[in-house]
Amino acid sequence: MNGKDESVFTKSALMGTGSGRIILKQILFRESGYKQFNKYRQKTEQEFPEFTKRFLVSLHERITSDTNPSGTLKKFLDEVGSSEFTLDEHKINDVKSRLSKPDVLSDRLGRILNSNFVKMTFPVFTALFDGASDYLKENVPADIKNSIIDGHILAIDLSEPMDRIIDKDEDFEYLDDYKLMSPYILEIAREKISRGGDSILKTFEEGFKDARIGQYIDSKLKSKPESISDEGMIGCYKKYRAVMGSAGRNMALNHRPLGDIYHLGMAKAGECVGCGNEIEDAVKSGSIKIPSWPLYYSLNVGDIKKGFELTMKKSKIYSYDARIALQMLPQGYPIMPFLEFLFVTISHYNEYWYNEMVRRNLFPYFEKNTNVLVDYQKNIKALENKDKERKVFSGSS
């Protein structure tokens, strides 16, 4: 109930899905799950503007004080291992000068913060941290808590400009700005997370490394969508699992077994939301994302409607795995009602966007306009014909 599109959680939208009706029932009867969730939602509404200000001030200071932005970007490029983030040398100073203007930087920041993963996750991290601190009897100073949460939100936010740079399907005119912003966002995230100690920083670094692997697989499939496979999609989704899972672990201050349970729940919840996000993107952009589960299933069954139906089934598998984490938590865990309610909101989000696709009858449009599907089927037919020719030539039946 904290996504960037508020229409998803209106009363009429909630009435339109099974999960939404469960949410309405909880609201009507003021059940514990809704009350806990509402508490953290209201807390986010109060604290998110302050988080944004802290982020803007830190980012502006980093950019304006850097005497060697070219070296900063090169170091980042070496780490992420992708030429997609390269900026022409003569452009770097111009971009830095532009981003040094607070109003310009504020605009770019607002664009990448306007993300479902950022807005839906902020209250979740706060709740997870509070639940773990209560259960573990850890009295963490407020400034350290805020730094750990801020750092992980920044890491999630970093995925926004990185995705847009690679996808080239959104904010095209701002991509150069995003390229130069990215290394500074990573620096700030690391600095904040490091305040939690070496163990917490190490967990983040491992997660960030895995996320880069997922991003690399994603970019490779973009250039050759007909090569998409189940294993490839599992690899792509590592970017969700890694970032969300490592953040979950650190919301439990990397204590085991609680950190492992948080990791499982957040990783699978992130993958579940990923399915819904692919459906939402298809509805809003009028195209099927490359790569994505809808594309993978559609290519293999030759039916786009069924491809999206199977994506919904895949999201339910992720949701089921995430719910297993709830069953692993100790009995009477302080934020259990919150987490149960959270998973219902995720299910509603996915159901809502699938229903929108059905309501708008977009499947015939996709069937007509998805060139990737046509090309894939042509390639399959060509391979079948070559196989037949080979058999005839070899004399096999």
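User: Which helix holds Lys145?

Analyst: This is a predicted model, where local features need pLDDT of at least 70, side-chain atom pairs count only at pLDDT 80 or more, and totals for chains, interfaces and linings use all residues. Residues are numbered from 1 along each chain as its sequence is written, and side-chain values use heavy atoms, with hydrogens and water left out. Helices are DSSP runs of H or I, at least four residues, numbered from the N terminus. Lys145 lies in residues 142–167, helix H8.

User: Is Lys145 buried or exposed?

Analyst: Buried means under 20% relative accessible area, exposed over 50%, partly exposed in between (1.4 Å probe, protein chains only). Lys145 has a relative accessible area of 15%, so Lys145 is buried.

User: How are H7 and H13 oriented to each other?

Analyst: Axes are lines fitted to C-alpha atoms over the stretch in contact, with angles from 0 to 180 degrees between N-to-C directions. The axes of H7 (residues 116–136) and H13 (residues 258–285) come within 12 Å and cross at roughly 165°. Angles over 145 degrees count as roughly antiparallel. Therefore H7 and H13 are roughly antiparallel.

User: Which residues in H13 meet H7?

Analyst: Contact means heavy atoms within 4.5 Å. From H7, the residues involved include Phe125, Leu128 and Tyr135. Their partners in H13 are Leu258, Tyr262, Met266, Gly270, Val273, Gly274, Asn277 and Glu280.

User: Which residues does Tyr262 touch?

Analyst: Residues up to four places away in sequence are not counted. Tyr262 touches Leu128, Gly131, Ala132, Gly248, Arg249, Met251, Ala252, Leu329, Tyr333 and Ile335.

How values were computed:
Helices (H or I, at least four residues) and strands (E, at least two) are DSSP runs, numbered from the N terminus. Angles under 35 degrees count as roughly parallel, over 145 as roughly antiparallel, 65 to 115 as roughly perpendicular and the rest as oblique.
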